[in-house]
Amino acid sequence: MRRGPHPALAALTVLVFLFLLGPLVIIIGASLSDTSFLTFPPRGLTLDWYQNVFEISAFRRTMVTSFTLATFGTLFSLLLGIPAAYALARYRVQLPRFLANVYVLPVLIPEIVLGFSLMKSVAIGAGVPVMASLLIGHALLVLPYCVRVVGASLNGFDFSVEEAAVSLGCPRWRAFFTVVLPNIKAGVIAAFILAFITSLNDVSVSIFLTGPGVSTLPIQLLAHMEQFFDPTIASVSVLLMGVTVAVMAVIERTLGLTFLTK
Amino acid sequence: MTARTLAWALAMPALLLVLLGLGLPVLATFATTFTGGEGPLAAYAEFFTSRFRRVVLWRTFEVAAVTTLISLVFGFAAAWVVAKSPARLKSWLIIAAVFPLLTGVVVRSFAWLVILGRGGIVNETLLALGAIAEPLSMLYTQGSVIVAMVYLFVPLMILTLVGVLESIPEDLTDAAASLGARPGAAFRQVVLPMAVPGLIVGSVLVFTGSFTSYATPQLLGGEQQMMMGTFLYQRAMVTFDWTGASTIAAVMVVVTLATVLAMSRLAQRLNPVAS
């Protein structure tokens, strides 16, 4: 017979999950308040603050920047990361073993150190424009996700299928696109979406690289918070939580959320 | 084209991105710490003789260690219950842990500004109850930074440990029980040793994450509770002291790498399955 957890342990777990979700519920409540300051529970209900988000040009602008940056930074990273993951899985013998670790270096180096170093050497040292520096920074930031998640689905792929296509006369590049890629589609989509949300939420790398006129949404939020403390910030936060929900739905469809516990 | 050339050709673009985008700039930052000061080690001498810098470094250690410890205790308890839950409940609980994890650090830190601020929920409630006469100032204290930091990292700890605890076969605890071990003894002698590598991985993630965090100490700690991340930013972007900022960066990298290496050593030694 299976017994449930000890009542004290179960109660503790309930408290932990209340602690995890409570603050997010408070943000949702605060975003609906018709007061001009942040408060919870909301006094009267209004959606005005959501409208206000789109009336503030800095939020509109940085939202576009952030989504563009997350999309193209991730695509760039996948463009380099998929071949690398493929090479690591397919040519295990030909490549040195440490190579896999080199690709996950961006996880080991603190993000804030990466941001500072990129600013010093790339943005200022080499005079690379703001948007291009951000793109390099974000591509690096998400490269470990791209290589690892795509690699995980490649490890489950039987390369003899690809060999069969090649030995029947299919060119290698074509075998990759028609045989390998469809089989790792779920991994590629999951890698994209995980990388996308990481890039969208990034502060530590972006804070050094945003320049005059170009900023990202999280950096703009930080700046806004220092001057105003009104429910607009809560509304932006709720909109970002909406993105999180969408991201989770995609992960659940592709790899399943339990993938994140591995 | 030989397989070897093809393999390198495929691996090269991403390798170049890491080497040129991360390797060179970070090495340049390290180089600055040796060439930027009066002598080769002057920047480090300045760092470690300055009382203020030592206080910042120690505070960062303290916050990261306390955050790790609290996350470990609560994360382990919650992960244990999650891992033993029936499938349906388990997937809901995992969703509830993933949601905050994938929500941005700015949003999650902001929530604590709303809760702990002068006009925040805690103060409003206590004032309404008449427990206090004046609002308490809880922001910009070490406590508020730690609370927000624990909030940031508990989901990561839970998700890391759920995977580990699930991989421990139920049969083992059953076997221990059938051999006469009380539940407490079976937990201490069977489950805990097998969970140690996972506990170490979770702790390393939380410790290095909180040691190098920026947004949370910036929002909840401010100037009063300067930590390594906020200090680095302040040196680099407010006072434009690049040598000083590079030295902070180098110390952060050394601490992070040393933690990772030491802990993975320890994990290998303590792993009952390997060796």
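Predicted model: local features only at pLDDT ≥ 70, side-chain atom pairs only at ≥ 80, totals over all residues.

UniProt positions are given here in the numbering used for this structure, feature names are shortened, and annotations may be inferred rather than shown by experiment. With that caution, the unreviewed UniProt entry places the annotation "domain: ABC transmembrane type-1" on residues 57-263 of chain B.

| Segment of chain B | Helix | Strand | Distance between end C-alpha atoms |
|---|---|---|---|
| residues 92-115 | 92% helix | 0% strand | 26 Å |
| residues 145-165 | 100% helix | 0% strand | 29 Å |

Two loop residues of chain B deserve a separate description. B:Tyr140, found in the loop between α6 (121-129) and α7 (142-166) of chain B, has a phi near 60°, which is a positive value in a residue other than glycine. The relative accessible area of B:Tyr140 is 37%, so this residue is classed as partly exposed, a class that lies between the cut-offs of 20% and 50%.

B:Phe240 sits in the loop between α11 (228-238) and α12 (242-270) of chain B, and its phi is likewise positive, at about 55°, although the residue is not a glycine. Because its relative accessibility is 59%, B:Phe240 counts as exposed, the term used for values over 50%.

Conventions. Residues numbered from 1 in each chain as written. Chains lettered and ligands numbered in written order. Heavy atoms only, no water. Helix = DSSP H or I, 4+ residues; strand = E, 2+ residues; numbered from the N terminus. Buried < 20%, exposed > 50% of the residue type's maximum accessible area, 1.4 Å probe, protein only.
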